[in-house]
Amino acid sequence: MENKKFLIFLFFCSLLLRALFFLYFTRHGTNAWIYVDSDQYHTIACNIAAGVGISLDGTVPQHYRLPGYPVFLAGCYRLFGFQPAAALWVQLVLASVIPLLVFALALALGCVLLVARVAAAVACIHPGLILYAGMLATESLTLLLLLLFFIFFFSQLRFYATGSFAAAQDNVIPREARNLGEQVYRLFFAGIFLGLASLMRPVGHYVLVLALIMLFAWRPSALVRRAGAFVFGWLLTVAPWLLRNFLLTGAFFFHSLPGLHFVQYLAAPIGAQRDHCSYPQARAAVLGEWERRIAD
């Protein structure tokens, strides 16, 4: 009951801080918009809501942005009209849950109650979390999904370590079998949430590998079943997007943003050194070559 009161207070405190910052700063002008990124998210969302698909221009399918955030915005646009402010209010409420998830994660990691409460309080007043809650950007929703992944993933590790079932139940189902079943269940949902985060930001495939290594290091027995549930949950979520990209391009990938980043932030500086010119000149040259190859 004491934790329940604390979490209710924490949620409304978090919501109040984010709402006030949004009302008095973020919602005015273009304060909520990140240059280029927010415009593209909004445009793709408008096309999804209008029924013309995941596209920037309404005709050609796009691969540059992941679909998670535009789909979220499109859902809000269908419900409330093409008003980014309404979508940001929904996002702001969801972002207010983040401190509660930090509290749950701290407990899942085995922290004492005081540490969990302090961590949650810090998340409640953290300036970055308050700022991004009302911005047309993926950070808040990605963090929320990653926290849910971490909670399910690490709670199953502690679940095995603590043996949370009563000994009186052993005559019904052996404890080891119940422990394994609960781990598989939690790992499946950990995979689901990691998959959803993977559709917001391209981090899931890296985290997936590290998580599998942790599973093996923690408990090699029954690894196939536990790892299988985890990977299946992740694949179930990301497979439609990967299949869509494969059918359109003949390749499995999450997005094409790394290509442009490589051209601008690696190839261009190398070109500037090689040709003894300024970065803007080298960037224009490599982007020109990039566009010519795309045209070919």
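Me: Which residues lie nearest the centre of the largest pocket, and how many residues line it?
Reply: In this predicted model, 21 residues line the largest pocket, and those nearest its centre are Asp37, Tyr64, Arg65, Leu257 and His261.

Me: How much space lies in that largest pocket?
Reply: About 430 Å³.

Me: Which elements give two or more residues to the lining of the largest pocket?
Reply: H2 and helix H12, which spans 257–275. H12 brings the largest share of the lining, five residues.

Me: What makes up the lining of the largest pocket by class?
Reply: Twelve nonpolar, four polar and five charged residues. Tyr counts as nonpolar here, so Tyr64, one of the residues nearest the centre, goes in the nonpolar class.

Me: Back to H2: why is its packing with H3 called oblique?
Reply: Helix H2 (residues 37–49) and helix H3 (residues 68–80) pack at an angle of about 55°. Roughly parallel needs an angle under 35 degrees and roughly perpendicular takes 65 to 115, so H2 comes out oblique to H3. Their axes are 8 Å apart, and the crossing is right-handed.

Me: How do you know which residues make the contact of H2 with H3?
Reply: The test is heavy atoms within 4.5 Å. On the H2 side, that gives Tyr41, His42, Ile44, Ala45, Cys46, Ile48 and Ala49. H3 answers with Tyr69, Pro70, Val71, Leu73, Ala74, Tyr77 and Arg78.

Me: What classes do the residues of that contact divide into?
Reply: Twelve are nonpolar, one is polar and one is charged. Arg counts as charged, so Arg78 of H3 is the charged one.

How values were computed. Residues are numbered from 1 along each chain as its sequence is written. This is a predicted model: local features need pLDDT of at least 70, side-chain atom pairs count only at pLDDT 80 or more; totals for chains, interfaces and linings use all residues. Side-chain values use heavy atoms; hydrogens and water are left out. Axes are lines fitted to C-alpha atoms, for helices over the stretch in contact, and angles run from 0 to 180 degrees between N-to-C directions. Helices (H or I, at least four residues) and strands (E, at least two) are DSSP runs, numbered from the N terminus. Angles under 35 degrees count as roughly parallel, over 145 as roughly antiparallel, 65 to 115 as roughly perpendicular and the rest as oblique. A crossing is left-handed if the near helix is turned anticlockwise from the far one by less than a right angle, and right-handed if clockwise. On a 1 Å grid over the protein atoms alone, a cavity is a set of points where a 1.4 Å probe fits but cannot get out, and a pocket is an open set with protein on both sides within 12 Å along at least five of seven lines; lining residues have an atom within 4 Å of a point. Grid points are joined across faces, edges and corners, and a volume is the space filled by probe spheres set on the points.
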